[in-house]
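Here is a short report on how the chains are built and how they meet. Please keep the structure in view while reading.

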Amino acid sequence: MEKRFAAPESVTEGTSAAAAANTWRWIGIVALIVIAAALPFGLSKYHVFELTMVMIYAIAVLGLNILTGYNGQISLGHGGFFAVGAYTAAILMHRYGVPYWLTLPPAALIGFALGVLFGLPALRFEGPYLALVTLAMALATPQLLKYFDTWTGGQQGINLAKPTPPAGLGLDRDRWLYFVALVVLLIAIRTAANILHGRTGRAFVAIRDHPIAAAAMGIDTAKYKTLAFGISTLFTAVAGALAAIVIGYVSPEGYSLFLSISFLVGSAVGGIATIGGAIVGGFFIQFVPNLANDISDAAPWAIYGLAMLLFMYTMPRGVVGTLWPRIVKFVAARKIAAQFAVSQREGR
Amino acid sequence: MHQFLQQIFSGLAAGSIYASLALALVMIYRATDLVNFAQGEMAMFSTYIAWTLVNAGLPFWLAFLITLAVSFAGGMIIERVVIRPVENAPVLAAVVVTIGLLLIFNSVAGWIYSYTVQDFPSPFPDRPVFGALMTTRDLGVIGVTLLMLVLLFAFFRYTPVGLAMRAAAQNPASARLCGIRVGRMLAIGWGLAAMIGATAGVMVAPVLFLDPNMMGGVLIYAFAGALLGGITSPIGAVVGGLIVGVTENLVGTYLIASQLKLTVAFALIILVLVFRPNGLFGTAVVRRV
Amino acid sequence: MAPILELRSLRAFYGQSEVVHGIDVAVEDGGMTVLLGANGAGKTTTLRALCGMVRREGEILFAGKELHRRSTEDIASLGVGHVPEGRGTFVGLTVEENLRLGGYLKPRQSPEAVERMYGYFPILAQRRRQQAGALSGGEQQMLAIARALMMAPRLLVLDEPSFGLAPRVVESIFGIVERIRREQKVSVLLVEQNANLALELADHAYLIETGYVVASGSAKSLADDPQIRRSYLGY
């Protein structure tokens, strides 16, 4: 069963085709960063806010991708870890007057620690069993938040003062927060790429594809599975903290089971074992519900559901997971054709 | 003591609902390795069909039978039309499709019937029996569920189609070589699961009242029950569902106020699973290296 | 005699890659044909192509019908009983349930057919209520053959029935197959590594290497060919 969880590796280094595709990828990445940096100046405040949320969701989905995509552990509970990050930031800012940017490291730390703690019992579970355990986490989150109301403000939640942008940059608050989120997203992507393309990432994938063989090769399965959980929830908790800062408000209703499911859907739609897929997932989570609302007032979630079906039918491995291998193949074919043309011209 | 027994019996009534839905989940999981998250919403939709028929003046049991037939056909059509395109896709894609289906059913039900909570008639009178240990309504719910379970087990055990369905779930390639149409068996499985869900929905609606979100909680408890019993074991699903029903009721009555009931009930279930990771009746999956 | 099965320039694929490159094979009505060859030559793939379990091109004529566009289930219902590689028994079901599944397409004849199989394979009668997974390798092979025979096929396809079994068990299984073939007028297409035994029983043989037929003829002529003797028969 875990075999079917496995999506193909997005790209493997070594072949010339992949190298060619890699060059194009770098050009694409730089272009994307430039566009992302220019974008807020051409958009209304509300659209800037929306794009900020896209990036935040992308960080959360990236965290889930590390766990589900690369390590093969399914989670229906990442909304809970998102909430942990959000409330860490909110409580630190509200009760202790900590500046907003200083709340991200503690959120990361607590996210990691809780993920490792949660990952330990989760080691015993696979497939639907892990889904149940994490589902329980998602369900318990709003209940627990309401229960410990001295800290969390209970049902009412916590209102946060929106941070002021540093003077001299000439940026308003929304655009400033957009850039904060962009920087965090870039750091997250870089970190994820380093981890996943290195030794640790190879161990994750080995455990996902051949758990017994991985153990036989001397990979400490328990350590890496727990680590995957911790890293994954670290990302998601940081995203949660950012969301609390940007929205300026936390309440138990914002972190229901539906949020966890949205992350999983975003992950699947983008492409589970891809880094770029997380960004596509972020767009899906932020925009498709609104689009659905525009299409049909009466049954917006039916439209959202239909969109999920259509994406899975046309791109079962997600947008990036389905399209990227095709691009690599296309570039490879072009390159071979070019070499062939050259050798013809040289008239061997 | 008397109160304790009362709570056990009313837990069994709720548990038999969870057991039915859990069984539906297990049936589909055994055949396709897929947890159908839309099972609860499909049941909710079936219940609305029954409600429409009863409101149109049909006698309750006739409406119930028609609902079962419609649900069976609907389940088969959903498998052929909605699930089949992701039959060979990664599991996560199939899971997302069932979640999409869940949203579609919920939203469409809200659109057609509105989100207003509706009364649903109970076919059973509400009188205490056995020295007020339980009510006739609980007894009726348990009875109907048991009858359905017995019929279902007999179907799988003693009919050629039931045998062929078990074979198709276990080894599709060999089943094809025997001339069994595996795709059709899957569709029948979805039809039966939808029928079981419809029964659960109609039985629980008089208690929970009818609205599009009615089955959300039931599905979660059923899922927990199915896993507690062992996701590969039909008997486990039934036992697991009953245990979850009783546990939930006892936790709610004796341990903690309803606020944290769900959390505590789940914590207990997970505690059990830590010691039996394949559920009470499940078997470990033997994996080849 | 007219052939009951003819494969004409049959090609078979796993995904994109072609494994069998246009082979011609015939099985005489009532006869036994064996496909010989090393591991990975494409013998099993040929059998799978015949039954629509892999993508294939070319002609497959069975009892006057074209099979190559039909599904596995249809091919079974036309009278091809396939005992796949690895036996394909339903390990979680009882011996008797396995047999009843074999007779799924002919439910009315099923009870007598089950008894007939118990006649051929008495050990299965003793084990009828046991789970197939609890049987020994030889017993499972017998069960798999009996299951395929339950549908009263005109052609029995056997994929390495001797695999992993002791020589004595293999001999007894082939003895029974031979008896059934005569009594029930079933034709047999056999894939076998044990070339000595196979050439003794079969009347026609094909030697397959890397997806091509490299030699064919009567079993006797192949058994007498010095080169084949050296490479495949070991003397």
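Two strands pair if DSSP finds at least two bridges between them. Helices (H or I, at least four residues) and strands (E, at least two) are DSSP runs, numbered from the N terminus. The model is predicted: local features need pLDDT of at least 70, side-chain atom pairs count only at pLDDT 80 or more, and totals for chains, interfaces and linings use all residues. Residues are numbered from 1 along each chain as its sequence is written, while chains are lettered from A and ligands numbered from 1 in the order in which they are written.

**The sheet of chain C**

Chain C holds an open sheet of four strands in the order 2-1-4-5, with antiparallel pairing. Strand 2 (17–28) and strand 5 (65–66) of chain C are the edges, each pairing on one side only. Strand 1 (residues 3–14) of chain C runs antiparallel to strand 2 of chain C, and nine bridges join them. C:P3 has C:E28 of strand 2 of chain C as its bridge partner. Helix 1 (residues 43–50) of chain C lies across strand 1, strand 2 and strand 4 (55–62) of chain C. Its angle to strand 1 of chain C is about 110°; axes are lines fitted to C-alpha atoms, for helices over the stretch in contact, and angles run from 0 to 180 degrees between N-to-C directions.

**A buried helix in chain C**

A residue is buried if 20 or more other C-beta atoms lie within 10 Å of its own, exposed if 12 or fewer, and partly exposed in between; C-beta atoms are placed from the backbone. Helix 3 (residues 95–102) of chain C is largely enclosed by the rest of the structure, because six of its eight residues are buried. These are C:V95, C:N98, C:L99, C:R100, C:L101 and C:G102. They pack against helix 4 (110–120), helix 5 (122–126) and helix 6 (137–149) of chain C, together with helix 6 (160–170) of chain B.

**Chain contacts**

Two residues are in contact if their C-beta atoms, placed from the backbone, lie within 7 Å. Chain A and chain C do not touch; their nearest C-alpha atoms are 15 Å apart.

The A–B contact joins 38 residues of chain B to 41 residues of chain A. Helix 4 (91–113), helix 9 (215–229) and helix 11 (261–275) of chain B each supply at least two residues to the chain B side. Helix 4 of chain B gives the largest share, 15 residues.

Ala, Val, Leu, Ile, Met, Phe, Trp, Tyr, Cys and Pro count as nonpolar, Asp, Glu, Lys and Arg as charged, and the others, Gly among them, as polar.

| Class | Residues of chain B touching chain A |
|---|---|
| Nonpolar | 30 residues |
| Polar | six residues |
| Charged | two residues |

Chain A has 15 helices and two strands. Its C-alpha atoms fill a box of roughly 80 × 55 × 45 Å, taken along the principal axes. Of its 348 residues, 49% count as buried.

B:Q3 sits in helix 1 (residues 2–32) of chain B. B:Q3 counts as exposed because it has 9 C-beta neighbours inside 10 Å. The C-alpha atoms of B:Q3 and B:T253 are separated by 9.7 Å, though the two residues are 250 residues apart along the chain.
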